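Thanks for making the time today. I would like to walk you through one structure, taking a sheet and the helices that go with it, and then a pair of helices elsewhere.

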Amino acid sequence: MNAIELHSVSKRFDEHLAVDGISLEVKRGEMFALVGPDGAGKTTTIRMLCGIVQPTSGTLSVCGFDVQKQPAEVKKRIGYLSQKFSLYGDLSVDENIEFFAEIHNVRDYDQLRNELLEFTRLTAFRDRLAEKLSGGMKQKLALACTLIHTPEVIFLDEPTAGVDPVSRRDFWKILSGLLKEGITILMTTPYLDEAERCSRVALMNEGKILMADTPQNLKETVKGTTVEIVCAEIRKSFTLLKSLDVVREVHAFGDRLNVLVRNKDRDITKVLALLKTNSIEVFDWRAISPSLENVFISLLSQRRAQQESEVTPKP
């Protein structure tokens with residue numbers, strides 16, 4: 001049985017269609033990521049699964065229970081860490097966990113609290129007020145509060161956004177430990193490098209799921225070779241290469257370009273020649289494996305081109 005199922009789920013806020021007929025299945029014990037830009041519908045999807053927001057149409061189930069018809073059964077089995085998880089700043093780490101344990105009617109939680117504090121490396125800070133914690137420590141405390149009633153499924157909405165790199169790494173070690181215990185994790189993240197650590201990923205945009213698969217299978221949808229080019233005059237280079245017939249796609253990432261060509265050995269010569277002809281210095285270039293960011297941008301580009309072709313009047 002799947003831990004999470006959505007069938008043709010939509011959510012409309014007045015005239016805005018936030019989620020547009022999505023269907024999705026998440027297996028038990030899986031870490032699944034929803035990835036997409038702000039406004040893609042990720043948070044709304046999680047809030048519907050938690051029973052906070054009612055869908056306009058479609059059905060959702062968690063652990064085999066219908067979210068709309070059996071909300072109490074669902075709430076017993078889930079934990080939800082929102083983007084703005086409400087810790088109580090004037091309570092200590094210990095007291096925050098105690099508070100959430102009592103909300104969930106958890107009794108004799110002392111041992112579990114100690115285990116969670118050890119698990120999240122917060123034991124040494126158990127008497128510190130929550131408002132005195134760093135951003136990363138607050139997120140770990142929020143996760144401990146989410147786990148105090150031993151949920152089967154946890155929903156994490158951008159849990160590492162705004163957290164320093166060291167705390168992000170610690171947080172991911174904690175999530176790996178949860179997976180070993182068989183907990184199912186559905187998360188949203190703005191970091192595509194984080195999404196690559198998940199067993200499967202759904203790429204969302206404008207309320208729709210563009211594609212959902214393992215990170216490796218998603219990367220294999222990119223046909224051709226991605227060449228990373230470090231060169232001068234990035235904007236001028238981008239414009240020039242966009243018009244070159246052998247270039248399928250070109251995307252700028254800071255001080256470098258990712259150029260997708262059909263055949264590296266044949267086409268890179270033309271790419272480099274064009275830049276040289278226009279007196280643009282190339283400092284380095286190499287063929288690279290496509291990232292999820294490459295996949296996502298490629299999908300968006302294809303979708304945009306398709307939409308433009310549909311609205312362009314035929315002669």
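This is a predicted model: local features need pLDDT of at least 70, side-chain atom pairs count only at pLDDT 80 or more; totals for chains, interfaces and linings use all residues.

E12 and strand E13, which covers residues 256-261, pair in the antiparallel sense over six bridges, and if you look for an example, Ala-252 has Leu-257 in E13 as its bridge partner.

Stepping back to the sheet that holds this pair, we have an open sheet of four strands in the order E12-E13-E11-E14, with antiparallel pairing. Strand E12 (247-253) and strand E14 (282-288) stand at the edges with a single partner strand each, so one side of each is left without a neighbour in the sheet. On average, and ignoring direction, neighbouring strands of this sheet are turned by 20 degrees against each other.

Now to the helices on this sheet. Helix H9, residues 234-242, lies across strand E11 (225-231), E12 and E13, and runs at about 165 degrees to E12, while helix H10, residues 264-277, lies across E11, E12, E13 and E14, running at about 25 degrees to E11.

Let me finish with the other helix pair. The axes of helix H3 (residues 93-103) and helix H5 (residues 135-147) come within 8 Å and cross at roughly 30 degrees, which means that H3 is roughly parallel to H5, and their crossing is right-handed. In this contact, Val-93, Asn-96, Ile-97 and Phe-100 of H3 meet Leu-141, Ala-144 and Cys-145 of H5, and the residues divide into six nonpolar, one polar and no charged.

Technical notes. Residues are numbered from 1 along each chain as its sequence is written. Side-chain values use heavy atoms; hydrogens and water are left out. Two strands pair if DSSP finds at least two bridges between them. Helices (H or I, at least four residues) and strands (E, at least two) are DSSP runs, numbered from the N terminus. Axes are lines fitted to C-alpha atoms, for helices over the stretch in contact, and angles run from 0 to 180 degrees between N-to-C directions. Contact means heavy atoms within 4.5 Å. Angles under 35 degrees count as roughly parallel, over 145 as roughly antiparallel, 65 to 115 as roughly perpendicular and the rest as oblique. A crossing is left-handed if the near helix is turned anticlockwise from the far one by less than a right angle, and right-handed if clockwise. Ala, Val, Leu, Ile, Met, Phe, Trp, Tyr, Cys and Pro count as nonpolar, Asp, Glu, Lys and Arg as charged, and the others, Gly among them, as polar.
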